[in-house]
Amino acid sequence: RAARYAGSVAVRQASPTVSPNSRVRHRPKKFMVADEPQIDVKSALESPEVPPKSADGGNQEEFEQYWAANNAPLRLEGGWLERKAHPQLKIEKYWFNEKSGQTVFVRPDAAEVDGPAVVPEFEDLRGEGPAWSMSIMDLKKALANEEEKKLGLSYRELARRAVFTYEEFVPRVLSWHDYQHLTFWFFGGMDRPGKVKSQGGKGGFSNTGNEDLFAPSEFFREAATLIRERIGRMHPICLTYFVWTFVRAGVVDQKMLAAVGDHCCRGIVPMMDRCSLGTMLWNYGKLKVSHEQFFEVAALELSRPNRVRSLAPRNFQNVSLAYNWRKHFDEKMYISLLQGMRLNMDGHRPVGPKCDTNHLFPYYCKDGSEVLADSFRISSLEVILRALRQTSISGPEMEACIASMVSYTCRSIVESPQMMRDPGDVAKFAIEVLLTMSEMPEMRPALSLLFGPGRDRLDLPKLLRESARDKSLCSKLENAIRSAGVEVDRGDKAGGREGGR
């Protein structure tokens with residue numbers, strides 16, 4: 001049911017059409033910036049070579065084709081396998097070479113070979129005893145209440161049940177709505193006397209963790225060995241969620257993570273939906289584990305216009321954080337991300353909590369329920385800009401993206417409901433813009449135009465007045481203003497929008 005392939009970890013992908021325009025600059029010398037012209041994502045999306053935009057993130061027929069094609073890929077001469085990208089990408093065909101590790105999106109000049117690709121055999125994990133006879137919910141309750149010994153549950157058998165469950169599940173997307181019914185080693189949303197309760201619903205799939213919400217580390221050690229030994233048996237979307245539980249539980253298994261990263265490099269990345277790709281990168285970044293080849297392969301995929309168009313705001317945030325944490329730079333990817341964020345922000349009108357389906361397709365769980373993508377929040381723009389600043393991204397594309405961020409922030413102040421806002425969010429975002437100006441003075445002339453009274457501009461005197469009650473925030477804002485060299489008329493009594501809540 002899952003992708004079960006082997007091959008080289010070296011992967012290259014065909015570059016999208018580019019145009020000779022502005023470049024992203026990265027200040028640290030240790031990263032090499034390729035001497036190539038800039039990608040124009042918007043123009044590329046109008047090319048007939050790029051599949052049409054998905055209206056729904058994939059229908060049932062497309063998912064059936066996707067599962068079938070990747071379960072038994074067509075073989076071509078010369079070691080090529082024909083696969084299909086995730087339905088969010090319109091099940092775009094691509095070809096992976098098991099010998100060279102190359103991935104291309106134009107069919108190689110090679111004839112078909114009779115018979116499907118060779119699929120390795122794996123041990124049947126099914127066993128007996130309480131770990132197998134109990135339901136998922138009963139196992140979750142038993143682990144949450146620390147009743148393993150009382151019920152005769154061994155961590156070895158629990159790990160086998162967990163891996164088996166994920167291997168048998170055929171996913172559509174990475175969604176808490178689906179995985180909450182499978183992941184008995186995560187207790188988010190459960191009432192436990194004297195224990196921490198995480199938020200329910202999508203809040204369970206968050207970027208912060210508490211080890212008390214997960215099974216003990218012994219369970220994860222057993223599961224890590226199984227995952228490593230059976231790599232390729234589990235679908236990459238399921239694999240992503242399993243690794244995410246390791247991250248949240250604070251368990252680092254270097255051998256498993258090396259095996260997972262190697263596997264993703266074997267032509268697997270295009271099969272991942274937008275959330276699983278962003279989350280798998282976030283997993284490595286959060287754990288501070290390096291896998292340079294996986295980050296390179298993912299950067300190539302994230303440079304493709306068809307992929308960038310599919311990304312939701314949370315995906316942009318996870319990718320920006322991951323590449324900043326690992327200090328991994330790829331110029332084409334950053335150009336694509338900056339342009340992709342601009343397309344999303346500029347097209348989201350009015351600034352409500354969810355992205356309209358005409359603007360960005362939703363996703364559908366296995367039970368058919370529709371989940372709209374969350375829109376950018378001002379606080380998420382602060383997080384993304386900080387990551388870009390710490391990666392020292394500069395240049396005209398960065399300037400244009402920050403201008404879109406400021407415009408989006410100003411619209412959000414007027415249009416967004418209270419639940420989208422955080423105390424002092426605009427001031428905190430303004431601090432990041434000012435720090436960017438301070439640390440990258442070459443962008444100061446362009447970014448200085450984003451401050452002042454009026455439409456699509458940040459009113460610093462107003463922000464200073466509104467943040468006066470928060471001495472720490474006000475001090476940081478004043479320091480950032482001085483550092484950026486921005487002149488502020490302290491006597492300015494201009495009105496305008498409310499700058500923070």
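## A buried strand and the fold around it

Student: How many of the 5 residues of β5 are buried?
Tutor: A strand here is a DSSP run of E with at least two residues, a helix is a run of H or I with at least four, and both are numbered from the N terminus. Buried means under 20% relative accessible area, against over 50% for exposed and in between for partly exposed, with a 1.4 Å probe and protein chains only. β5 is largely enclosed by the rest of the structure, because the buried count is 5 of the 5.

Student: Before we go on, what kind of model is this?
Tutor: Residues are numbered from 1 along each chain as its sequence is written, and side-chain values use heavy atoms, with hydrogens and water left out. Local features need pLDDT of at least 70 and side-chain atom pairs count only at pLDDT 80 or more, while totals for chains, interfaces and linings use all residues, as this model is predicted.

Student: Which residue takes a positive phi in the hairpin of β4 and β5?
Tutor: β4 (residues 74-76) runs antiparallel to β5 and is joined to that strand by 3 bridges, with Leu76 partnered by Trp80. Between the strands of this hairpin are 3 residues, and the one with a positive phi near 85° is Gly78.

Student: Which are the edge strands of the sheet?
Tutor: The sheet is open, has antiparallel pairing and places its 5 strands in the order β7-β6-β5-β4-β8. The edge strands, each pairing on one side only, are β7 (103-104) and β8 (112-113).

Student: Let's turn to the helices. What relative accessible area does Ala223 have?
Tutor: Ala223 lies in helix α8. Contact means heavy atoms within 4.5 Å; beyond neighbours within four places in sequence, Ala223 contacts Ala159, Val163, Phe242 and Phe246. Ala223 counts as buried because its relative accessible area is 0%.

Student: How far is the C-alpha of Ala223 from that of Met256?
Tutor: Met256 is one of the buried residues of α10 (residues 254-264), and the cover over those residues includes α8 (217-229), α9 (236-249), α11 and α12 (292-302). Ala223 and Met256 are 33 residues apart along the chain, and their C-alpha atoms are separated by 9.4 Å.

Student: Is Asn344 buried or exposed?
Tutor: Asn344 sits in helix α15 (residues 331-347). Leaving aside neighbours within four places in sequence, its contacts are Leu311, Pro313, Cys355, His359, Leu360 and Phe376. Because its relative accessibility is 6%, Asn344 is buried.

Student: How much space lies in the largest pocket?
Tutor: On a 1 Å grid over the protein atoms alone, a pocket is an open set of points where a 1.4 Å probe fits, with protein on both sides within 12 Å along at least five of seven lines; lining residues have an atom within 4 Å of a point. Grid points are joined across faces, edges and corners, and the volume is the space filled by probe spheres set on them. For the largest pocket that comes to about 510 Å³.

Student: Which helix gives the most to its lining?
Tutor: The lining has 20 residues, and those closest to the pocket centre are Arg314, Gln317, Arg377, Ser379 and Ser380. At least two lining residues each come from α11 (274-287), α14 (313-325) and α16 (378-390). With 5 residues, the helix that gives the most is α14.

Student: Last one: what percentage of the protein's residues count as buried?
Tutor: The protein has 21 helices and 11 strands. Among contacts between residues at least 6 apart in sequence, 74% join residues at least 24 apart. Of the 501 residues, the share that counts as buried is 57%.

How values were computed:
Pairing = 2+ DSSP bridges.
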